[in-house]
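Biologist: Before we discuss this model, could you put the sequence and the structure on the screen? I would then like to go through it one question at a time.

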Amino acid sequence: MTQNTSFLRNFFLYKCLFALTFWNHISLSVEDELFTSASNNFPEDGSNQKIKSLQLLYTNSHQSKANFDWVVIQNTTESLSLSEITNDNVKKLVTLLSNFRQGSRLQNLTLTNVTVDWNALMEIFQTVWHSSIEYFNINNVTQLSDINSYEFDYSGTSMKALTVKKILITDLYFIQDDLYRIFADMNIADMTIADSEMIHMLCPSSKSPFRYLNFLKNDLTDFLFQKCDNLLQLETLILQKNKFESLPKVSFMTSHMKSLKYLDMSNNLLRHDGADVQCQWAESLTELDLSSNQLADAVFECLPVNVKKLGLQNNQISNVPRRVAELKSLEELNLASNRLADLPGCSGFPSLQFLNIEMNSILTPSADFFQSCPRLRELQAGHNPFKCSCELQAFIRLERQSGGKLFGWPAAYVCEYPEGLRGTELKDFHLSRLACNTTLLLVTALLLTLVLVAAVAFLCICLDVPWYVRMTWQWTQTKRRAWHNPPGDPGTVLQFHAFVSYSERDSLWVKNELIPNLEKGEGCIQLCQHERNFIPGKSIVENIINCIEKSYKSIFVLSPNFVQSEWCHYELYFAHHKLFSENSNSLILILLESIPPYLIPARYHKLKALMAKRTYLEWPQERSKRALFWANLRAAINVNLPTADENWYEETD
C-alpha cells in the first residue's frame, strides 16, 4: 500500500508540474468514465482499482477532445473547452455539465465541432441554461435530425451571453419558428449568431432583456424585426455582411428600439434613391456604420438626426449635398474610398471634429475648408490623386497654418499628377509666384481662345453665317449673269404680280384657296408658282432668284411648316435681300397658322424681325371674314403689269 500511494503521489506531482510549465490548461486521459467529485479517496487496501477522480491544482481552465475519457478539475474550474461532440458522447457531456450547478465556479464553456441531433442540441442548451455557466460559446455546429417544436425552460438561469458560430442545418424542410423562437426568446443580455446562413429571426414574444445582438455574416434581409416592439433594451445591433437592400426599411426597423445606440450595417447591399421616402430612425442612435454598401449622394437625406459617429466609407458618394438636414451632433464622419472630387463643407455638420476622406478622387482640395469647419480637430485626406499645381499651393500653405490637423502628413500626401511629379510628397512641392502667374496668363489666353472658338461656333451654328455667305454669293452670281443678258431678254423684265413662297405641306391651301381667288375673277392677278414657272435645267436657287426678280411682290404663306422648310428659308432670304437692295415694299406676309416663337429656328431671325415690324394678313377661320381677307390681299398687290409682259406670260403658260 505504501508503494502504491507513493507512486500515485509522484505521478500527480509530475503532471501538475508539466501543466504549470507548458500549458495554461491540462487534459489527462484515463480509460474510465468521468466524474467531477473529489470526495473519493484512494483505496486503502492497495488494490488496483481505477481512478475515478483526481483533483488538479494551480489551473483555472481546461480543454479536452473526444471521447470524453478525461480527468477534469472539480469546482475550482472557471473555464472549460470541449470539442468533437457527437451523439455518441452527448450523454456524457450532459452528465458532466449537470454537476456544475449554480454556485459552482465554472462560468465559461466553449464547445467546438458539435454534430448532434436537434433534441440532443436542445438538451445541451437546456443543461447549460440551468448550470453556473454565464458565457456559452459553441462553434461549428451540425444539426443532423429534423427540427421540431421544443418547450425550452428559460427560468432560473445564470446565463449572460451566448455566442454561436457556423451552424449548419441539414434539415431543409422545417417550421422556421421552431428554430428561431428558441433564440428569439432567450432571457440573456448578449447573443451572437454568426456565419450561419441564417435567413430570419423572430421578434421576441415578450419584452426582451437583449442589450447586444450580433448577427454577423448571415443571409438576413429587410424583413428583420419590422414592427418589433419588444427590443426596448437593445443598445447594440450588428448586422454586418448580410443582404439588406433598403435603407428606409432599416430605419423603420430601428424606430421601435428606444435604447439603440450602435448599429452596424456595413457590407450589405443598401441603396437609397431618395424618391420621396421618409426615414424614421431611433432617436437614441448615436453611432451608425453604413460602410461598404451601394449608397450614393441621396444617403444624406436618410440619416439619424442625433448620430455622433457615422461611417460611410467604400460607397458610391460623389458629392455631399449642401442642402441636407443638419446633423448637429455629428462629430466623426468617415467618407473614405468614395468618389468625392473635393472636401465637403461643414454647413450641415456644425459639430464635426474628425473627418476621413482618404482614397477619393480629390485632385485639388479647397483651401477654405478649415474656415467652414471651425471645430475640426483632425482631417484624414491622404492617399488621394493630388494634382500638384498652383491651386494646390494654397492647400499646402493651409497645412502649415492648421497646427497639425492633417493626419498622416506628409507621407500620405503625394503628387499623382502631372506624371513628372508623381511620387513627390506635397511638402516637397514648390512653385515660384512667377511660374504661377505665367500659368494664369496661359489659362487666360486659353479661355480667350475658347471664347473666340465659341463665338465662331455660335455664329456658324446658331446664326448660320456660312449659309448666309453662300446665299449672298449665289445672289451676286445671278445678278452678274443678269447684267450680261442682252437688252430685251425676257428674263430681266417683270412678268408676274407676285411670287408665292410656301411649304409643300401647305400646298393644298395655296392651290385650292390662294391661286383660284387671285387668278380668277375681276382684276386677274398673275402669280409665279415654282411648280409651273421654274425653268428646267437651271438650279433651284437660280430659279428662285429669277422668279423673285420677275415678280413685283413676294407672298410668303407662313405656318409652322414654313419655318421647317429649307427652301422657304432660301426664298425668304432672297426676297428680304431684294427688299433692302431695291428699297422696295415688295413683301406680303400671310399668317396661315400661328407660329409659336419656340418653333422658329435661330437662323430665321429675319422672319422674327419682319413679323415684329411689318403688318401681316392673318387667314381667318370664319368664312364670313374671308371676303375682306381677299380684298386686303388684292389691295396689297395692286400692280398693273405691262401688256407685253402679259402676252409673254400667256405664251409661256
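Biologist: Is D264 buried or exposed?

Modeller: The model is a predicted one, and in it D264 is found in strand β11, which spans residues 262-264. Its relative accessibility is 6%. Because buried means under 20% relative accessible area, D264 counts as buried.

Biologist: Which residues does D264 touch, not counting residues up to four places away in sequence?

Modeller: The C-alpha atoms of D264 and L216 are separated by 9.4 Å, although the two residues lie 48 residues apart along the chain. With residues up to four places away in sequence not counted, the residues that D264 touches are L237, I238, L239, Q240 and D289.

Biologist: How are α2 and α3 oriented to each other, roughly parallel or roughly antiparallel?

Modeller: Helix α2, residues 90-98, packs with α3 at an angle of about 10 degrees, and their axes are 9 Å apart. The contact is made by residues including V90, L93 and L97 of α2 and A120, I124 and V128 of α3, and its residues divide into seven nonpolar, two polar and two charged. Since angles under 35 degrees count as roughly parallel, α2 and α3 are roughly parallel to each other.

Note on methods
Residues are numbered from 1 along each chain as its sequence is written. This is a predicted model: local features need pLDDT of at least 70, side-chain atom pairs count only at pLDDT 80 or more; totals for chains, interfaces and linings use all residues. Side-chain values use heavy atoms; hydrogens and water are left out. Axes are lines fitted to C-alpha atoms, for helices over the stretch in contact, and angles run from 0 to 180 degrees between N-to-C directions. Helices (H or I, at least four residues) and strands (E, at least two) are DSSP runs, numbered from the N terminus. Angles under 35 degrees count as roughly parallel, over 145 as roughly antiparallel, 65 to 115 as roughly perpendicular and the rest as oblique. Contact means heavy atoms within 4.5 Å. Ala, Val, Leu, Ile, Met, Phe, Trp, Tyr, Cys and Pro count as nonpolar, Asp, Glu, Lys and Arg as charged, and the others, Gly among them, as polar. Buried means under 20% relative accessible area, exposed over 50%, partly exposed in between (1.4 Å probe, protein chains only).
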